[in-house]
Amino acid sequence: MPENWWRSGVIYQIYPRSFQDASGDGVGDLEGVRRRLDYLVWLGVDALWLSPFYPSPMKDFGYDVADYCDVDPLFGSLADFDRLLAEAHARGLKVVVDLVPNHTSDRHPWFLASRRSLNDPKRDWYLWRDPAPDGGPPNNWLSHFGGPGWTLDETTGQYYYHAFLREQPDLNWRNKQVREAIHDAMRFWLRRGVDGFRVDVVSHLIKDALFRDNPPNPDWDGKGPDITRLTQFYSVNRPELPEVIIGLRSVVDEFPDRVLIGEAYLPIDQIVAYYGEHNDGLNFPFNFHLLQTPWRAGALGDLISRYEAALPQGAQPNWVLGNHDQRRVADRLGEAQARIAALLQLTLRGTPTLYYGDEIGIGKVIIPPERQRDPWGRNEAAFNVGRDPARTPMQWDGTDFAGFSRHEPWLPLSADHASRNVENMRFDEDSILALYKHLLALRRDHTALHAGAWRRLVAPEKTLAYERHFGDERIFVALNLDAAAALVQLPASGRLLVSTQGDRRDETTGVAVSLRGDEGVVILSSDCLT
Ligand code: NOJ
């Protein structure tokens, strides 16, 4: 049996609003993605994951779905989707789509029916509760985007629960018809040929049957957004969840070689349970710990070791450096360390998921208050939680709107777009884009990198070193997390294949390797050089 593509492949996330606008309205679309497929082939990724493009009032930019089985006119049509899929497949690229099963839009026909009356057949499809004795919300659960998680609906005098915006009512996953309806929506896309799903907030699907109050967060410092005041003990990651995930997986497994990936921001000991007790859960849950761990060599080394040790036998690892909800990696770490991060992500075990624009190092983008779009950022402005800076348009060339659109884009471009763009960087061997391309090619060419074991090596403070090996092939990785030079001892001499600084390549190295400040290198051990 050939290996599943997602075990050795690299996935590239596209936020469709911001990749390429073909229609000329300042918002990206599916036809735009299709026109850029050759870029993805050139870059060397194996699959793209498209954030939601379904019909939506766009209160949460597509994560409020009003129809699971169609394309919003803003992004094109089903015919555009089919064409994109066929042309991606013709180039050997897989296509993963977003599944948003926890909630719908409040404009979804299911919710419109559900809110109509207490007796509507769809009433139980959502989470309706009577008010508390004082007339307030049924319990203390909060919305992730600020304020209570419950909204009173005047028509019937009951509250409905929404983990996110009030325009995103949560579905009731204890209801069998809900499960079947979502399973059918999955089959709709699987039959069209999609290669899998990224499941939005999968840990939220089942809530406490008794709707008990969430306990206060003992670590709350009195600051931070509303949602952090409480732990999400009764609303997230409940014991009944595995059975729901088994259901999703069994639908995916009706079709050959598809993947089920899930979003869960949880500690390592909890995410590893998402693989399922009998490999019947997610093919892999996202691992967001590189986003949450202090960017220091010791902490990162310990994180990788802990994760490796916690993974069940045969489980596929994953590493994430950015997505549409997080600060850009080059903003968090600066470009020199963003290069180290790229090298780290693309030389660890598992399926790396890259985020569009990180390969050209898009960093901090200032969004003037009048151009802010993210509802969370607008609701809780004081906490600087706005996600717009991570969603700005891709920068393709040096023209006014960076080749993204002929019109003013929906969000501002990064200030350095005239120089930081694909056209400018693709032939510059020292650019971060060239580094990404080299790393992707190395990962594809060397089995040790895409399928080998991982072992941490002893290295001086502020540096991190490890080995990947498969059969006779051994590859060493040494990373300097500091601005001062460092000397790392490796188990063998070898040949330096790539440096984060672009200027060293195909150099012979001894067992002691000197690293410049902020430099990372990949070395092929001399054991396997002929
Ligand atoms: C997680 C998504 O990544 C985020 O963008 C969205 O706002 C929430 N889920 C709600 O769907």
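The largest cavity in this predicted model has a volume of about 50 Å³. Its lining is formed by Gln13, Trp49, Phe286, Phe288, Val320, Gly322, Asn323, Thr353 and Leu354. By class, that lining comprises five nonpolar and four polar residues, with no charged residue.

Two elements, the strand β3 (94–99) and the helix α6 (176–192), each contribute at least two residues to the lining of the second largest cavity.

The arrangement of two packed helices is described by the angle between their axes and the distance between the axes. For α6 and helix α7 (residues 241–252), the angle is about 30° and the axes lie 9 Å apart. Because angles under 35 degrees count as roughly parallel, α6 is roughly parallel to α7. The crossing of α6 past α7 is right-handed.

On the side of α6, the contact is made by Arg179, His183, Met186, Arg187 and Leu190. Helix α7 contributes Glu243, Val244, Gly247, Leu248, Val251 and Val252 to the contact. Across the contact of α6 with α7, six residues are nonpolar, two are polar and three are charged.

Notes: Residues numbered from 1 in each chain as written. Predicted model: local features only at pLDDT ≥ 70, side-chain atom pairs only at ≥ 80, totals over all residues. Heavy atoms only, no water. 1 Å grid on protein atoms, 1.4 Å probe; cavity = no way out; pocket = protein on both sides within 12 Å on 5 of 7 lines; lining within 4 Å. Points joined across faces, edges and corners; volume = space filled by probe spheres on them. Nonpolar A, V, L, I, M, F, W, Y, C, P; charged D, E, K, R; others polar. Helix = DSSP H or I, 4+ residues; strand = E, 2+ residues; numbered from the N terminus. Axes fitted to C-alpha atoms, helices over the stretch in contact; angles between N-to-C directions. Parallel < 35°, antiparallel > 145°, perpendicular 65-115°, else oblique. Left-handed = near helix turned anticlockwise from the far one by under 90°. Contact = heavy atoms within 4.5 Å.
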